[in-house]
Amino acid sequence: MAEAERAAGSPPGAVQSVIVPVHNSECWLDECLKSVWEQDFKQTMELSIFNDASKDGSAEIIAKWKVKLEDAGVPVVVGSNDSAQPRGVGFAKNQAIIQSSGTYLCFLDSDDVMMPQRVRLQHEAAIQHPNSIIGCQVRREPPESTARYTRWINNLTEEQLLTQVFTSHGPTVIMPTWFCSREWFYHVGKFDEGGKGVPEDLLFFYKHLQKGGGVLRVNRCLLLYRYHPQAATHSVHEETIWNHRVKFLEDRVLSTWTSFTIWNAGKQGKKLYRSLSPANRKKVTAFCDVDEKKIAKGFYTFEESEILRLCLQHSHSPTSFINKIILQAVMNP
């Protein structure tokens, strides 16, 4: 954006804050910050960066772009955690938001790249939907790194953005594409600051939905979304995601139902059953499946799976272990 274009008719104070958490991002940070500089947004915009204990050359890159962006009329606010250890993505995002001033927040990961139209198009959508998280379509880098996931991100219908929340491993609009109003962000609450291994974006997304927030996507490719081994998402264990998903399903849906069936009589269906609270287990009336091998037995008893688990743990056969339990019950009535 040309300096004259930024200055012309701009009201005092930033309309838009681009929020960038940084931790050891020197490999990608130049391209990321250049994409902020190339935005075609005509109103006032600021960049808010929080450098979370980087030990590489990230600070030098930030300093270089601060000069360049401010020369072009984009204020840059920089905060940092100078301790030996990073506090995590949730903390860094919260700090970047706290130190910023924009009416709207555009989230950008330090390893990703925005298309020039991103802020403008998502800002237009956010004005129309002030209580929503606005996402966009993405282009993956490397191109075929997560082909199925990328198709899923880009092709969910407006209805599926809400319904597939219950079946997906994360938000239906991915965090690096988020755009929302500051007022709505603080209404939902800040990101979880538990640090490494905490899916702060998923937890925020669940709170957002529970407070009645909407989910929309601008159907334009507005972000280059990088896949690499150092990405923070790889630090979150699958079991952690699973437990949060089940809790959200129970709180949001199952708590209002008197009974239900579980589709899948195999490992996943039984895992879901075992993960439910005792009260919700009692509501399960049947497992449904089309695989004859899975349904041949005709029933599933949770207690059986517990006995088998204990047998494996104590190196007993199921029969001898059951007999041992019966004997203990007789000897200690």
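User: What do the buried residues of α6 pack against in this predicted model?
Analyst: They pack against β6 (132-141) and β8 (214-226). The model is a predicted one.

User: Which residues of helix α6 are buried?
Analyst: Helix α6 covers residues 147-155. Its buried residues are Thr150, Ile153 and Asn154.

User: Why are the buried residues of α6 said to line one face of the helix?
Analyst: Look down the axis of α6. The buried residues fall within an arc of 90°, so they line one face.

User: What does the face turned away from the buried side of α6 carry?
Analyst: That face carries the exposed residues Arg148 and Asn155. Exposed means over 50% relative accessible area.

User: Why is Ser181 called buried?
Analyst: The cut-off for buried is under 20% relative accessible area. Ser181 has 9%, so Ser181 is buried.

User: Where is Ser181 placed?
Analyst: Ser181 is in strand β7, residues 179-181.

User: Which residues is Ser181 in contact with, leaving aside neighbours within four places in sequence?
Analyst: Ser181 is in contact with Thr103, Tyr104 and Pro130. Contact means heavy atoms within 4.5 Å.

User: How many helices and strands does the protein chain have?
Analyst: The chain has 15 helices and 10 strands. Of its 333 residues, 46% are buried.

Methods. Residues are numbered from 1 along each chain as its sequence is written. This is a predicted model: local features need pLDDT of at least 70, side-chain atom pairs count only at pLDDT 80 or more; totals for chains, interfaces and linings use all residues. Side-chain values use heavy atoms; hydrogens and water are left out. Helices (H or I, at least four residues) and strands (E, at least two) are DSSP runs, numbered from the N terminus. Buried means under 20% relative accessible area, exposed over 50%, partly exposed in between (1.4 Å probe, protein chains only). The arc is that of the directions from the helix axis to the C-beta atoms.
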